[in-house]
Amino acid sequence: MKFFKNLLIFTGVVSIGIGLLSFYTGTALLHPLIWYILGFMVFVTALAFYVSRLGVGYDPDNFQLYYFGSMGFRMILSIAVIFVYIYMYSENELQFVFNFFALYFLFTGFEIYSLITNFAPQLKKQS
């Protein structure tokens with residue numbers, strides 16, 4: 001539950017940043033679908049954490065397998081979203097990709113930090 005609370009706080013901070021950037025620059029830096037991208041990132045981050053946590057619960061010795069599996073799924077899903085957008089819409093593609101990967105890297109960093117702080121003590125106890 002601590003992860004989801006921290007995810008909510010992190011999403012709030014990122015939302016405030018997006019809101020301020022949108023207020024001051026309009027659509028010069030941010031794609032009009034930035035809020036949908038943010039929602040997608042929150043969903044995928046929560047799903048990846050859930051899968052990793054489930055994997056550690058079942059088999060703590062194979063934490064890396066579950067973590068990298070969830071990261072691979074996240075990457076494939078993200079690339080699929082980008083390809084669908086580029087195929088369906090032909091406007092502001094570069095802006096969409098830059099915004100998408102900026103949020104992707106922010107949420108990946110948050111997930112890595114959260115996994116290290118949450119699972120490192122549990123993995124040390126089992127050794």
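Which residues in H1 are buried?

Modeller: In H1, the buried ones are Phe3, Leu7, Phe10, Thr11, Val14 and Ile18. Buried means under 20% relative accessible area, exposed means over 50%, and partly exposed lies in between, with a 1.4 Å probe and protein chains only. Helices are DSSP runs of H or I with at least four residues, strands are runs of E with at least two, and both are numbered from the N terminus.

First, some ground rules. This is a predicted model, where local features need pLDDT of at least 70, side-chain atom pairs count only at pLDDT 80 or more, and totals for chains, interfaces and linings use all residues. Residues are numbered from 1 along each chain as its sequence is written, and side-chain values use heavy atoms, with hydrogens and water left out.

Back to H1. It covers residues 2–25, which is 24 residues. The expected span is 1.5 Å times one less than the number of residues. That gives 34 Å, and the end C-alpha atoms are 34 Å apart, so the two agree. Just after H1, Gly26 has a positive phi of about 70°.

UniProt, in an unreviewed entry, lists residues 7–27 as a transmembrane region, along with 33–53, 65–88 and 94–116. Its positions follow the numbering used here, feature names are shortened, and annotations may be inferred rather than shown by experiment. In the model, residues 7–27 are 90% helix and 0% strand. The end C-alpha atoms of that span are 26 Å apart.

Contact means heavy atoms within 4.5 Å. Leaving out residues up to four places away in sequence, Ile18 touches Leu30, Ile34, Trp35, Leu38 and Leu103. Ile18 also belongs to the largest nonpolar core, which has 28 residues. Such a core is a set of buried Ala, Val, Leu, Ile, Met, Phe, Trp, Tyr and Cys residues joined through side-chain atoms within 4.5 Å. Ile18, Met41, Phe100, Leu103 and Phe107 touch the most other members. H1, H2, H3 and H4 each give two or more residues to this core. H2 gives the largest share, 9 residues.

Rings of Phe, Tyr and Trp (its six-membered ring) pair if their centres lie within 6.5 Å; planes under 30 degrees apart are stacked, over 60 edge-to-face, and the rest tilted. The whole structure has 16 aromatic pairs. One of them joins Phe40 and Phe100, tilted, at 5.8 Å centre to centre and 35° between the planes. Phe40 is in helix H2 (residues 34–58) and Phe100 is in helix H4 (residues 93–126), 60 residues apart. Phe100 counts as buried because its relative accessibility is 0%. Phe40 is buried too, at 16%.

Tyr104 and Phe105 also pair. Their planes meet at 75° and their centres lie 5.6 Å apart, so this pair is edge-to-face. Tyr104 is buried at 4%, whereas Phe105 is exposed at 55%. The charged end of Arg74 sits over the ring of Tyr104, 5.2 Å from its centre. That label needs NZ of Lys or CZ of Arg within 6 Å of the ring centre and within 35 degrees of the ring normal.

Arg74 also touches Thr108, as does Met71, not counting residues up to four places away in sequence. Thr108 lies in helix H4 and is buried at 10%.
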